[in-house]
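Hi,

Here is the structure I promised to pass along. Have a look at it first, and my notes on what turned up follow below.

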Amino acid sequence: MASDSGRQETLTALVVYAGLVVLSFALGLRMTVPWHYYQILSPEPLGHDLAESIFYLHAQPPILNLGLGWALKLAHATGLQVETLIMAAHLVLGAAAVWGFSTLCQRMLPSTGARRVCIALFVLHPSFYMTLFHYFYSFHELALLCLLPLAVFSYLETRQAWSYALLCLGVILLVYTHT
């Protein structure tokens with residue numbers, strides 16, 4: 001069970017993350033989808049036949065394109081911009097990454113000072129916010145890399161099948177996000 005100071009550190013990191021997201025919006029950062037990148041399929045096949053485009057162009061990052069295809073379909077159904085929907089998903093992924101990194105630091109760093117410095121460096125780093133507002137696999141990988149060690153800890157502590165399955169799912173998602 002997390003200590004009160006650990007919960008406070010995580011909550012503080014999440015509040016700072018939320019504040020910096022708001023500041024980033026105020027400074028003009030917006031979600032971008034780099035349609036010109038060769039790893040991202042064009043919107044036509046993704047929007048019309050998502051499964052077929054993922055299957056036949058499997059050399060591209062399938063999870064990245066699958067997420068983009070779902071966002072395109074949802075944007076068409078709701079009338080929202082695809083960037084707005086992806087931004088919402090990225091904000092949740094960012095919060096999960098901050099929570100995961102903070103929890104990982106609490107488990108691995110016994111020194112309160114060192115732990116707080118590491119969490120601050122993670123949350124305050126500008127590249128975290130630059131990748132947050134850019135739809136590409138680097139941000140998805142970052143979130144998964146922050147959460148995977150927690151799955152390892154969970155499995156090593158419990159030795160239960162569900163925690164091993166969670167770990168395997170994270171590894172599979174990490175692999176299929178990039179390749």
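Before the findings, one term: by a nonpolar core I mean a set of buried Ala, Val, Leu, Ile, Met, Phe, Trp, Tyr and Cys residues joined through side-chain atoms within 4.5 Å. Buried, in turn, means under 20% relative accessible area. Also keep in mind that this is a predicted model.

The largest nonpolar core has 35 residues, and the members touching the most others are Tyr17, Leu68, Ile86, Val123, Phe128, Leu132 and Tyr135. Helices α1 (4-26), α3 (50-56), α4 (62-78), α5 (82-108), α6 (112-124), α7 (126-132) and α8 (137-158) each put at least two residues into this core. The top contributor is α5, with seven residues. As a general point, nonpolar side chains tend to be buried together in soluble globular proteins.

Now the overall picture. The protein chain is built from nine helices, with zero strands. Its C-alpha atoms fill a box of roughly 50 × 45 × 25 Å along the principal axes. Of the 179 residues, 37% are buried. Among contacts between residues at least 6 apart in sequence, 70% join residues at least 24 apart. The accessible surface of the chain is about 10,200 Å², and carbon and sulfur atoms account for 71% of that.

On to the charges, which may matter to you when you set things up. There are 7 positive and 8 negative side chains, and the centres of the two sets sit 14 Å apart. How many salt bridges does a search of the whole structure find? It finds four, and here are some of them.

- Arg7 and Asp4: the closest N and O atoms are 2.8 Å apart. Both residues are in helix α1, and because they are three residues apart there, about one helical turn separates them. Arg7 is partly exposed, at 41% relative accessible area, while Asp4 is exposed, at 60%.
- Arg116 and Glu9: here the closest N and O atoms are 3.0 Å apart. This pair links distant parts of the chain, with Arg116 in helix α6 and Glu9 in helix α1, 107 residues apart. Arg116 is partly exposed at 46% relative accessibility, but Glu9 comes out at 7% and so counts as buried, the cut-off being under 20%.
- Arg107 and Glu157: the closest N and O atoms are 3.7 Å apart. Arg107 lies in helix α5 and Glu157 in helix α8, so this bridge ties together parts that are 50 residues apart in sequence. Arg107 is partly exposed, with a relative accessible area of 40%, and Glu157 is exposed at 55%.

One more thing on Glu9: together with Arg115 and Arg116, Glu9 is part of a network of salt bridges.

Cheers

Methods. Residues are numbered from 1 along each chain as its sequence is written. This is a predicted model: local features need pLDDT of at least 70, side-chain atom pairs count only at pLDDT 80 or more; totals for chains, interfaces and linings use all residues. Side-chain values use heavy atoms; hydrogens and water are left out. Helices (H or I, at least four residues) and strands (E, at least two) are DSSP runs, numbered from the N terminus. Buried means under 20% relative accessible area, exposed over 50%, partly exposed in between (1.4 Å probe, protein chains only). Contact means heavy atoms within 4.5 Å. Accessible areas come from the Shrake-Rupley method with a 1.4 Å probe; for residues, only the protein chains shown count as cover. Lys and Arg count as positive and Asp and Glu as negative; His and the chain ends are not counted. The place of a charge is taken as NZ of Lys, CZ of Arg, CG of Asp or CD of Glu. A salt bridge is a side-chain nitrogen of Lys or Arg within 4 Å of a carboxyl oxygen of Asp or Glu.
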